[in-house]
Amino acid sequence: MMKKQLLASAISVAMIAGVHASEHSGTYAFDKKDAHQFITFKISHLGYSWLYGRFNDFDGEFFYDAENPENSTVNVTIKTASVDSNHGERDKHLRSEDFLFVDDYPQATFKSTSVKLDDEDEAEITGDFTLRGVTKEITLDVEMLGHGDDPWGGYRMGFEAETELKLADFGIPTNLGKASETVEIIMSVEGIRQ
Amino acid sequence: MQVRNSPTRFGVISIALHWIIAIAVFGLFGLGYYMVDLTYYDQWYRSAPHIHKSVGLLLLGTVILRLIWRLANAPPAPLSNHQRWEVVAAQGVHGLLYLLLIVAMVSGYLISTLDGSSIDVFNWFSVPSVTGPMRFLEEIAGMVHYWATWALVVLAGLHGLAAVKHHVIDKDNTLRRMLGF
């Protein structure tokens, strides 16, 4: 009995998946709930090592157009107070006016304006990035990592995006030294088709 | 000079604790006020907070000792020329000063230890975190520390001015008594 039910549900999942796989255009929400999404940053410490940190709380969605991927769009909203570099005093400092000034600027946002395909799986996504109240156009180097059915009846697609920002461009007043004027940001996300 | 307090005079231990704590409070406040504006490449960027935290934790121990000493050895009675309202106000301020001292030092300790880190006291011994990692509460601890320390120095300043007023205007023994005369 149990076996039969399992088999039946496995077949129906496979059938639904088969229908989905043929057409993967659509709007995808980041898998925030189960945390298949990461925004990591790294910045040089004195020029001698990398400091890594992350933003634990962010959300977003993307629209993927399978026919013409350059019509795709993505939006991300980051809660700046969720910065986490595994050191309480440093995180407190990063949240202060010296860096992210999270009391006045609780959110950072990215809204894509154009997508330029480099090859099948890679693209440059340009958009408006707002951080600490300053909006600037930035470009993300994006790679599509994969997409397909998940084992629970959904359809997922994952990307990794990288960019580099100059702290001073966004009005961050603190001077960390010559080697630490830019920060690299890596965003890795999995979207679930809605 | 006597060691213990008598009904009319402070003993040397009470007097020493009072002035050590007074110097430490104003010193820590000044150091704290100065160090938060240091930038990354300042010589004192790391050593000033280290000294601030070390002295702060030693002060916490000192204040606890003082409270124990106070329980074991009651302070002398108020001077007879003091009005009833003066005695009540003075005692209220003393209580509030003790409370603010504890709040200021505990909140300061928490800023550094809410991520589970310990504090090294002058590379002499290490005080562990009692909370373990409880992230993202550092801001609250920081706000409490900021306001408690401001309230503490303002109130301690008033307490000092009141003593000077008794010395200069009332010409009584209030201040002299705490100097051991």
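Student: Why is the largest nonpolar core called a core?

Tutor: This is a predicted model, and its largest nonpolar core has 33 residues. The label applies because such a set holds buried residues of the nonpolar kinds, joined through C-beta atoms within 7 Å. Ile39(A), Ile78(A), Ile125(A), Val142(A) and Ala161(A) have the most contacts inside it.

Student: Which elements give two or more residues to this core?

Tutor: Strands of chain A do, including strand 1 (26-30), strand 7 (107-119), strand 9 (134-149) and strand 11 (182-193).

Student: What makes Ile78(A) a contact partner of Phe55(A)?

Tutor: Their C-beta atoms, placed from the backbone, lie within 7 Å, so the pair counts as a contact. Leaving aside neighbours within four places in sequence, Ile78(A) also touches Ile39(A), Phe58(A), Gln107(A) and Ala108(A).

Student: Where does the second, separate core turn up?

Tutor: That core has 15 residues, among them Val63(B), Leu100(B), Leu110(B) and Leu114(B).

Student: What makes a residue of chain B count as buried?

Tutor: A residue needs 20 or more other C-beta atoms within 10 Å of its own. In chain B, 17% of the 181 residues are buried. As for its fold, chain B has 5 helices and 2 strands, in the order α-α-α-β-β-α-α.

Student: How many residues does each chain bring to the contact between A and B?

Tutor: Chain A brings 11 and chain B brings 12. On the chain A side, helix 2 (residues 88-95) gives the largest share, 5 residues.

Methods:
Residues are numbered from 1 along each chain as its sequence is written. Chains are lettered from A and ligands numbered from 1 in the order in which they are written. This is a predicted model: local features need pLDDT of at least 70, side-chain atom pairs count only at pLDDT 80 or more; totals for chains, interfaces and linings use all residues. Helices (H or I, at least four residues) and strands (E, at least two) are DSSP runs, numbered from the N terminus. A residue is buried if 20 or more other C-beta atoms lie within 10 Å of its own, exposed if 12 or fewer, and partly exposed in between; C-beta atoms are placed from the backbone. Two residues are in contact if their C-beta atoms, placed from the backbone, lie within 7 Å.
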